[in-house]
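Let's work through a few exercises together, with the structure open beside you. Try each task before you read its solution.

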Amino acid sequence: MRKAAIILAAGKGTRLRSILPKALHPICGKPMLGYLVERARVAGCEKIVVVGGYKIELVREYLKSLGLGASLVCVEQKEQLGSGHAVQQAARALKNFQGAVFVFYCDTPLISQATVKELFKNYSSEKTDCTLLSVELKQPFGYGRVQRGPSAEVVKIIEENDATSDEKNIREINVGCYVFSAVRLFEGLKKIKKNPQKKEYYLTDIVEIFSQSGKVGAVITADAKEVLGVNSQKDLARVEEIAQKRILDGWMDKGVRIRCPKTVTIDADVRIGQDTTVMPHTVLEQGSVIGRGCKLGPFARIRGNSRVGNHVVVGNFVELVRTTLGDHTQVKHLSYLGDASVGAYVNIGAGTITANYDGKNKHQTVIRDRASVGSGTILVAPVVVGRAAVTGAGAVVTRRNNVPDRALVVGVPARIITKRHLKRHPRNL
Ligand code: UD1
Ligand code: CA
């Protein structure tokens, strides 16, 4: 069966009190919207329609960065007239599409892939017009309640504002994740009336329409965490904590050793090889990729798409940004390497700094294989430290004064002492 998805992301997220649209608030470094795009993609949706509104240009820019081409489109909801109205905006983009349509809300990023699959299974095996996801909460306040009839069939969804005090006691709530028959969805939307109180078109009103003239299914998930909606900064923190735990558990399952996980931060888009040990208070961010058998931290920070090879040590109080380290390289203590390309078997002494920023531009530092950078060296970029070259402790290598292969430089500014030191140097290979 053909599948498509609509992701609602037009809301401003007033309660977050932020100038960034809600959909782009990151959870473990990845915008919330990205989680839903991934769910839709992995579920096999041939087309994903994101409904943007508030600061749509930022939403478009982010979606473009995902590089999914024409299968991912963004349509505009000019006025935020409710979730029903928002879904309606996707009608044109899905014209002539016949099949199943998922609807996701961008503020519910913890929904798991397994649950999405489960939802689709119910839709296709029960041949429903709509299958929705629900969960029982001890504190259902604020959510739409799922009302069931005498034979436990779903009758309708009642939003908090419209619920009577009896209805407010219903603990089964609407998560905001559905599968619809595309044709029935766009037919049904036409019948939804403005909610008299909030003056919005509620997507959830379609459930009552279908329960009278069609079939509604519901999948009840047991994991209440999955459905946490993000409305405030506190919700963001809570959801991020759960997402972070999932990421850490995922890497441990793949053979990464994490000491004291509750102190470790790893972004959603980071990759780590087997048998790497991550020591406490280490932060791995922004698409960085770490190889096998490395030792990171404690108190290391790796970001900006850095690439760390295999069997590398990045020790305490070391920061890497946009930096590549070759296999078996060691940066053990108190260093900053920014925009650096470092070869294999390099030793970076304690306190080494790349001065990569001149106040205007960032510049590259290249350190070739088997070089040995002495403690407290400052490398003023752009600069190259040659293969098997050595810098003395406290050397300041100024820009473009490249250190030749095998040379030894010392002092401030660093000057060449010998180019032949390697005859005596143990790293001479
Ligand atoms: C919604 C559901 C509620 C459910 C809850 C789960 C409706 C009417 N209610 O309530 O049953 O329990 O989610 O979290 O759907 N949006 C737009 N355009 C609009 C309005 C909303 O794109 O005009 C988007 C928002 O960005 C958000 C989503 O739709 O991603 C849900 O809207 P929100 O206002 O957060 O609905 P809730 O009140 O949370
Ligand atoms: Ca919400």
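The exercises below go from the domains to the ligand and then to some backbone details.

**Before you start.** This is a predicted model, where local features need pLDDT of at least 70 and side-chain atom pairs count only at pLDDT 80 or more, while totals for chains, interfaces and linings use all residues. Residues are numbered from 1 along each chain as its sequence is written, chains are lettered from A and ligands numbered from 1 in the order in which they are written, and side-chain values use heavy atoms, with hydrogens and water left out.

**Exercise 1. Find the domains of the protein chain and the separation of their centres.**

Step 1: Domain 1 covers 3–227 and domain 2 covers 256–419; such bounds come from an automatic or database domain assignment.
Step 2: Taken over C-alpha atoms, the two domain centres are 45 Å apart.

**Exercise 2. Describe the surroundings of ligand 1.**

Step 1: Ligand 1 is surrounded by 21 residues, each with a heavy atom within 4 Å of the ligand. The closest are Q77, G82, Y105, E159 and N174.
Step 2: Sort the shell by class: 10 residues are nonpolar, 8 polar and 3 charged. Here Ala, Val, Leu, Ile, Met, Phe, Trp, Tyr, Cys and Pro count as nonpolar, Asp, Glu, Lys and Arg as charged, and the others, Gly among them, as polar.
Step 3: Strand 1 (3–9), helix 3 (83–88) and strand 10 (172–181) each give the shell at least two residues. Helices (H or I, at least four residues) and strands (E, at least two) are DSSP runs, numbered from the N terminus.

**Exercise 3. Which atoms of G11, G82 and Y105 lie by oxygen atoms of ligand 1?**

Step 1: G11 places a polar backbone atom 3.0 Å from a ligand oxygen.
Step 2: For G82, a backbone N or O atom is 2.7 Å from an oxygen of ligand 1.
Step 3: Y105 uses a polar side-chain atom, 2.7 Å from a ligand oxygen.
Step 4: Now the cover: of the 750 Å² of accessible area that ligand 1 has on its own, the protein covers 87%, by the Shrake-Rupley method with a 1.4 Å probe.

Key: A polar contact is a pair of N or O atoms within 3.5 Å; within protein, one must be able to donate a hydrogen and the other to accept it, and residues adjacent in sequence count only if both atoms are side-chain atoms.
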